[in-house]
Amino acid sequence: SSGTGEVTEIPDQATISVGVTKTAATVQDAQKQTNGIANKLITDLKKLGIKGKDIKTTNYSVNPDYNNPRPIMMGQPFEGNQNGYEVTQNIDVKIKPIELINKVIDTATKDGANLVGGVNFTFSDELQKNLEQKSTQMAVSDAKTKAQILSNAAGVRLGKIINVVSSTNNPRPMMGIAQKTADETSVPTNVTPGQSTVTIGVTIYYETY
């Protein structure tokens, strides 16, 4: 007999990608601008309560910046006037408690981050485990009830349980969208996590007689 248990809850953590990209005539100048903003951002995120282990640099790149480059055609070399250098740093931030998400976004933009996106809402490991336990209990109860109904209808008696098989449907991270108006200095960001569901399926095998 098979049963299903579902538990719906509001995610308790979020991840977001923030970053900064700057262009200058020299690599040193571009790095100085980018590093200055990134370092201030990391400091301010820690002041908000974000732990250092939850702030991770995922990309640091230095590339030449070309001004009005000629399109690349098959068999022809790239041509363009180098305007300077572009330095980009991307940082992933895990946010818990989730209530800090809007402050993190506003702090990042205030500090000069010009790359903000990839907001995902998820369950922490602790909450995921708790929800799986609750939904498993519901699934087992559902399967036992169905087994009893089926056995009564078929005129057989249930014996001991000989096997239990379960499967988990982990929720996918939910994307969030930062709501901003044209006047970003006066209107705070409003990102909401919504809800997500953990589903457990259980199949119970009985002896019958």
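**A walk from a loop to a sheet**

Let's begin with Asp 54, which sits in the loop between helix H1 (27-48) and strand S3 (55-70). Keep in mind as you look that this is a predicted model. Is Asp 54 buried or exposed? Its relative accessible area is 13%, and because buried means under 20%, Asp 54 counts as buried. Which residues does Asp 54 touch, once those up to four places away in sequence are set aside? They are Asp 92, Val 93 and Lys 94.

Now move to Ile 16, a residue of strand S2 (residues 13-24). With a relative accessibility of 2%, Ile 16 is buried as well. Leaving out neighbours within four places in sequence, its contacts include Ile 91, Asp 92, Val 93, Ile 101, Val 116 and Gly 118. Take a closer look at Gly 118: along the chain, Ile 16 and Gly 118 are 102 residues apart, yet 5.3 Å separates their C-alpha atoms.

Next, find the sheet. Strands of a sheet pair through backbone hydrogen bonds, in a parallel or an antiparallel way. Here, three strands form an open sheet in the order S1-S8-S6, and their pairing is antiparallel. Strand S1 (2-9) and strand S6 (158-169) are the edge strands, because each pairs on one side only. From one strand to the next, the twist averages 20°.

You can trace the pairing of S6 with strand S8 (residues 196-208), which runs over nine bridges in the antiparallel sense. At one spot, Asn 169 stands opposite Thr 199 in S8. Finally, look for helix H3 (residues 125-154), which packs on the sheet and touches S1, S6 and S8. The direction of H3 makes about 150° with that of S1.

Key:
Residues are numbered from 1 along each chain as its sequence is written. This is a predicted model: local features need pLDDT of at least 70, side-chain atom pairs count only at pLDDT 80 or more; totals for chains, interfaces and linings use all residues. Side-chain values use heavy atoms; hydrogens and water are left out. Two strands pair if DSSP finds at least two bridges between them. Helices (H or I, at least four residues) and strands (E, at least two) are DSSP runs, numbered from the N terminus. Axes are lines fitted to C-alpha atoms, for helices over the stretch in contact, and angles run from 0 to 180 degrees between N-to-C directions. Contact means heavy atoms within 4.5 Å. Buried means under 20% relative accessible area, exposed over 50%, partly exposed in between (1.4 Å probe, protein chains only).
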